[in-house]
Amino acid sequence: IQPTDESLSLDSKSIGRRFSLARCILIILSETRSILPAFAGGTIGACIAGAAIPIQAYLFSKLVTVFQLQGSERVDRGNFWALMFFFLALTNLLSYAVLWSLFSVAGATVSKKYRAEYLRGMLAQDISFHNAQGNTSGALAALLATDGDDLEAMFNMSLALIIVFIVDIASCCILAIAIGWKLGLVGVFGCYPVLFLAGYFRMRMDTTAQDRCTASFLESARFGSEAVEAIRTVSSLTLESK
């Protein structure tokens, strides 16, 4: 954290969102190489988990053809495809277990490292930084807590789910075009753009709402911290209720 004259406060939007998510991930991986094995293993687990849905669709399409058979052949083929579903469920269970475990380790490691650097960066600032509006001790402590939690949650859940969804969408598109290219092209180029656009607008709305909630939270933390620090003044003015 190295504020300039134009931006001494952490509330400034120039401090955050200067890089894309992909670039932030690359920066974190380059600075924290110890999480590379866990990140690679979690990514493999996420790819397997993302491919489970199109595989399930393929198995279901084969399973419904069993009802066209008769007698013992129907029972044998039904048992075979039921066994395939069991193996798919077991693989899905193991992949998600590996996925969440390894990404949780990576998230905890990254959060521990950057929390310490965050705190050292705050303590190394000059007086003008701490005198700037919004940079009270309560607000800085709240930022240290919330930003560390957000960074850990990004690795624990958000990044894992993003990889799962990307693999899921890509594999479903490939499967749809491979099975029936005419209807597959209609679904891929006709439906997906609308869904992506709606998701983008929803993400923008969520981000705006999150910024408002963060500003309110920091203000309440600042006010509460100042009230606790000035408890003698509050008591002398009999303002405890407020």
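Guide: Val-228 belongs to helix α7, which covers residues 181–229; helices here are DSSP runs of H or I with at least four residues, strands are runs of E with at least two, and both are numbered from the N terminus. Val-228 is exposed, with a relative accessible area of 62%. By definition, buried means under 20% relative accessible area, exposed means over 50%, and partly exposed lies in between, using a 1.4 Å probe and protein chains only. Along the chain Val-228 is 90 residues from Gly-138, yet their C-alpha atoms are separated by 9.9 Å.

The model is predicted, so local features need a pLDDT of at least 70 and side-chain atom pairs count only at pLDDT 80 or more, while totals for chains, interfaces and linings use all residues. Residues are numbered from 1 along each chain as its sequence is written, and side-chain values use heavy atoms, with hydrogens and water left out.

Helix α2 has 15 residues, 36–50, and spans 21 Å from its first C-alpha to its last, close to the 21 Å expected at 1.5 Å a residue; the expected span is 1.5 Å times one less than the number of residues. Its buried residues are Ala-38, Phe-39, Gly-41, Gly-42, Gly-45, Ala-46, Ala-49 and Gly-50. The cover over these residues includes α1 (21–31), α3 (52–63), α4 (71–123) and α6 (137–179).

Ser-95 is found in helix α4 and, at 5% relative accessibility, counts as buried. Beyond its neighbours within four places in sequence, Ser-95 is in contact with Gly-45, Ile-48 and Ala-49, contact meaning heavy atoms within 4.5 Å.

Phe-39 leads on to the largest nonpolar core. A nonpolar core is a set of buried Ala, Val, Leu, Ile, Met, Phe, Trp, Tyr and Cys residues joined through side-chain atoms within 4.5 Å. The largest one has 20 residues, and those touching the most other members are Ile-25, Ile-28, Phe-39, Phe-103, Val-110, Phe-155 and Leu-159. At least two residues of this core come from each of α1, α2, α4 and α6. Helix α6 gives the largest share, seven residues. Another core, of six residues, lies apart from the largest one; Met-122, Phe-129, Leu-140 and Leu-143 are among its members. In soluble globular proteins, nonpolar side chains tend to be buried together.

Helix α3 packs against α4. Two packed helices are described by the angle between their axes and the distance between the axes. The axes of α3 and α4 come within 10 Å and cross at roughly 170°; axes are lines fitted to C-alpha atoms, for helices over the stretch in contact, and angles run from 0 to 180 degrees between N-to-C directions. This makes α3 roughly antiparallel to α4, since angles over 145 degrees count as roughly antiparallel, under 35 as roughly parallel, 65 to 115 as roughly perpendicular, and the rest as oblique. Residues of α3 that meet α4 include Ile-55, Leu-59 and Phe-60, and their partners in α4 include Trp-81, Phe-85 and Leu-88.

Pro-54, also in helix α3, counts as buried at 7% relative accessibility. Apart from neighbours within four places in sequence, Pro-54 is in contact with Asp-168, Ser-171, Cys-172 and Leu-175.

Charged side chains complete the description. The structure holds two salt bridges, each a side-chain nitrogen of Lys or Arg within 4 Å of a carboxyl oxygen of Asp or Glu. In one, the closest N and O atoms of Lys-113 and Glu-117 are 2.8 Å apart; both residues lie in α4, four residues apart, about one turn of the helix. The other joins the side chains of Asp-149 and Arg-115 at 2.5 Å, N to O. Asp-149 lies in α6 and Arg-115 in α4, so this pair ties together parts that are 34 residues apart in sequence. Asp-149 is partly exposed at 42%, and Arg-115 is partly exposed at 27%.
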